[in-house]
2 protein chains.
Amino acid sequence: MTFKKRDLILFLVITFVIGFLGAYTGLKVLQPKLSKNEQIEIPFTKESTDNQLNENLQTIKEAYELIDHHYIGDIEDDQLLEGAIQGMLETLNDPYSSYMNAEAMKRFYEQIESSFQGIGAEVSMVEGKVTIVAPIKDSPAEKAGLRPNDQILKVDDESLDGLDLNEAVEKIRGEKGSEVVLLVQRKGSSQPFELTLVRDDIPIETVLTETETVDGKKTGIIDIRTFSETTSQEFEDALDTLEEEDIEGLVIDVRGNPGGLLDSIEDILQHFVPQDTPYLQIEDGQGKVDKYYTKLKEKKPYPISVIIDEGSASASEILAVAMKEIGYEVVGTTSFGKGTVQQAVPIGSNKDESTIKLTFFKWLSPEGNWINEVGVEPTVKQKQPEFFYASPIQTEDVLQFDQTDEQIENAQVMLTGIGYDTKRDDGYFDEQTEAAVKEFQQDHDLPVNGEIDEDTAYAIEMEVVEIIRDGKQDLQLEKALEVLYQ
Amino acid sequence: MTFKKRDLILFLVITFVIGFLGAYTGLKVLQPKLSKNEQIEIPFTKESTDNQLNENLQTIKEAYELIDHHYIGDIEDDQLLEGAIQGMLETLNDPYSSYMNAEAMKRFYEQIESSFQGIGAEVSMVEGKVTIVAPIKDSPAEKAGLRPNDQILKVDDESLDGLDLNEAVEKIRGEKGSEVVLLVQRKGSSQPFELTLVRDDIPIETVLTETETVDGKKTGIIDIRTFSETTSQEFEDALDTLEEEDIEGLVIDVRGNPGGLLDSIEDILQHFVPQDTPYLQIEDGQGKVDKYYTKLKEKKPYPISVIIDEGSASASEILAVAMKEIGYEVVGTTSFGKGTVQQAVPIGSNKDESTIKLTFFKWLSPEGNWINEVGVEPTVKQKQPEFFYASPIQTEDVLQFDQTDEQIENAQVMLTGIGYDTKRDDGYFDEQTEAAVKEFQQDHDLPVNGEIDEDTAYAIEMEVVEIIRDGKQDLQLEKALEVLYQ
């Protein structure tokens, strides 16, 4: 089973991918696909005839000049401009409408660019150490032999101590072709060792595929991690391959998928929603609603289910609700609830420098439902095992027999989840919990003292990460496979 | 000795004056007095020739129109206008530059207006009850017989329970000539009783005067509470009267005075700063400094001292620092530290509706010092007695022998301050503290149990308020009088 980044996000403090994704997903715009004659007319040059508007603009100008000419302090060139735009956007109380000035745009593009070049490994911060979660297939990280749970201590002889994950990732990333030397600590090795990697382009896979056999039926599983420019093509390729393999059922997994480009999800829905039902409706600021249709004659001949969770947002929800309303099962937990579409509009004299991202549209489900702030309800509710959601164990003090503590509760949930049954998870460290800890320590070559110190807590957490990654207890996927053939 | 409002503010949670002051002082602008040819030129109609500025204004216009035309939600008429102005002002990070829209201005004027009409009593919230601190001389409150410590339970049959002081004051205030019925609870009366008052104009005294004899020398004390439009005239009248009485020394008290109009303090300084020294310097945004001089030939023939505290701001500091730099003693604690001058500029097509208050100038002391964020250091440091600064006693639980509690500390400081020496103020309720409580209870007709319950705490606090009001332990004033004749 594929490693599930989203589950790790629930479990670990932060999970990052070096040379892959990064901040990109968070900032992408769900852009509407508009036909030529629907192209949005941005009134950049047109003089408004609206009196109120002209009066207001005149007043803003007065205020601008008053402040610019008379304020006692220094005023930077773009300070009032940016203040005015930020101020106008703030009145909307819309978390998705925002402004990026030239500098922010530059950083943003640099970040995207650098996120495609690097060593190719997913890392997270565990117990204050930058830790490899998984090297990406065929990446420099994999080729150099980096393994899950390796701790990176130094980068080019600079210690990562005290840096946060973002800062550490910045140091590890870099241009294609450049060398980076990592000092790596591996469990089991007594001494840290150095690895030299040559940074490279990192293949961006937004769609991951596998097959599983359920009751003798070959079933495809497509995991869409984000909706980027390449996603719909990747998805089509994956679907083609699976159909060539004669799958008898399909699971589409959009858990933890924050959305992305509207184009991308529109292309994907062409394969599933028949032409008699809109696959999507778009409502503009004036309340005008457009319905969008595919040219698809009929549904796929095989059953399909979709998996969502609370991290599935925007484009993921467009997919989930459309599939639900045309009769497919949707398994998991209620999705995030983002029902709006933003458009990034360059602004100012130098059009490619600053950008306003504005909420232009609502999107509605095929039946016209607006899921904003509500989310998509699954048809089949299924949570992951409790220990997937447990917080990391804080071990400032050693946890031991007869104590009562919230951290003990976390440990009990995790221990039980990974097969060391504590029989209780109320945070009281009783004899049974002590026995479970001892058994765990025995199995993991730790000093068998029945106390949860830093090493034991780390080992428990790593075991949980391992289980989440292996997907062995992925109840949502199990359920999604199960409902296919009922 | 005059009742000192500022001290009460330190002691009680809030102190308000019904039909007097109110929010007015807080919002007043320290306006520069400009000669005709220095009148600020506000470029309302002039077209700017600055390219950067025009470009920026064009970009703001684009953003305005983009949001106005395309945002999916409703946008109110003035929403973007106000957002833009607020946004520009926010970039200044200046707490004194602000914007008031038409509605805010209307509320502001109504508040000022209503603050001049009412029953004329200072009130505060004590133990959850609206309590009369002092009726103003010749006011409806005084004529009707309201007394200090009276609790107001109902206004026109509406209970004040659960209202905050602001809300309660709103109910009590009203137009001149209107009747209001108060249900009053007085200590010593078993039943609350009704009083009917006719609201009236309340005389606004911003300057209070008295005389005291020090070592046989008649000494004038002028207390300036704020610098309003009438203040300089009131001050001149007060000074004339005192000089006719042949005072041999003068104390000017600006403790707790938050400032006000620049005109006002300029007029007052004409009486004290001789013509050879500037009484004030004003620096504009371009760094140009103007020095302002009086026509005064020589200093007053009698010694003068000024009292300041941490609540003395703006115009009060202009006074204090000028007096200090021409050689007078300044007694008290370091002042607030506001060294800027704001100008209120009406803005928009309807010029009297919305206003930008902008920091136009720095003011500097006669010698050119800028006291902003630093304050004026007194030449003679003097704090008030410790119990003036004590917090009210919270008596959720009864405080008693052998307990240790921060509230007991407050009580010990107060008891000792009002003459019941607890010998310690570390918050431990020992036998000596119990004895002091018993003695206090004996003297105040309370059950003599040595415990601080709600009634005892209230009585202690009232006694403290009484002492602060009577000025019997006003160490700062004592010191200011003392330094005059040294």
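Student: In what order do the strands of the open six-stranded sheet of chain B run?
Tutor: This is a predicted model, in which local features need pLDDT of at least 70, side-chain atom pairs count only at pLDDT 80 or more, and totals for chains, interfaces and linings use all residues. Residues are numbered from 1 along each chain as its sequence is written, chains are lettered from A and ligands numbered from 1 in the order in which they are written, and side-chain values use heavy atoms, with hydrogens and water left out. Strands (E, at least two residues) and helices (H or I, at least four) are DSSP runs numbered from the N terminus, and two strands pair if DSSP finds at least two bridges between them. With mixed pairing, the order in chain B is β11-β12-β13-β16-β17-β20.

Student: Which strands are the edges of that sheet in chain B?
Tutor: An edge strand here pairs on one side only. In chain B that applies to β11 (207–214) and β20 (380–381).

Student: Which residue is the bridge partner of B:Leu250 in β16(B)?
Tutor: Strands β13 (residues 249–253) and β16 (residues 304–308) of chain B are parallel and share four bridges. Within β16(B), B:Leu250 is partnered by B:Ile304.

Student: In chain A, which residue of β16(A) stands opposite A:Val251?
Tutor: Strand β13 (residues 249–253) of chain A is joined to β16 (residues 304–308) of chain A by four bridges, and the two run parallel. Opposite A:Val251 stands A:Ser305.

Student: What area is buried between chain A and chain B?
Tutor: Buried area is the accessible area (1.4 Å probe) that two parts lose on being put together, summed over both. Carbon and sulfur atoms give 67% of the area between chain A and chain B. The total is about 5,400 Å².

Student: Which element gives the largest share of the side of chain A that touches chain B?
Tutor: Contact means heavy atoms within 4.5 Å, and 60 residues of chain A are in contact with 60 residues of chain B. Elements giving two or more residues to this side of chain A are α3 (51–70), α4 (79–90), β18 (340–347) and β19 (354–364). The largest share, 18 residues, comes from α3(A).
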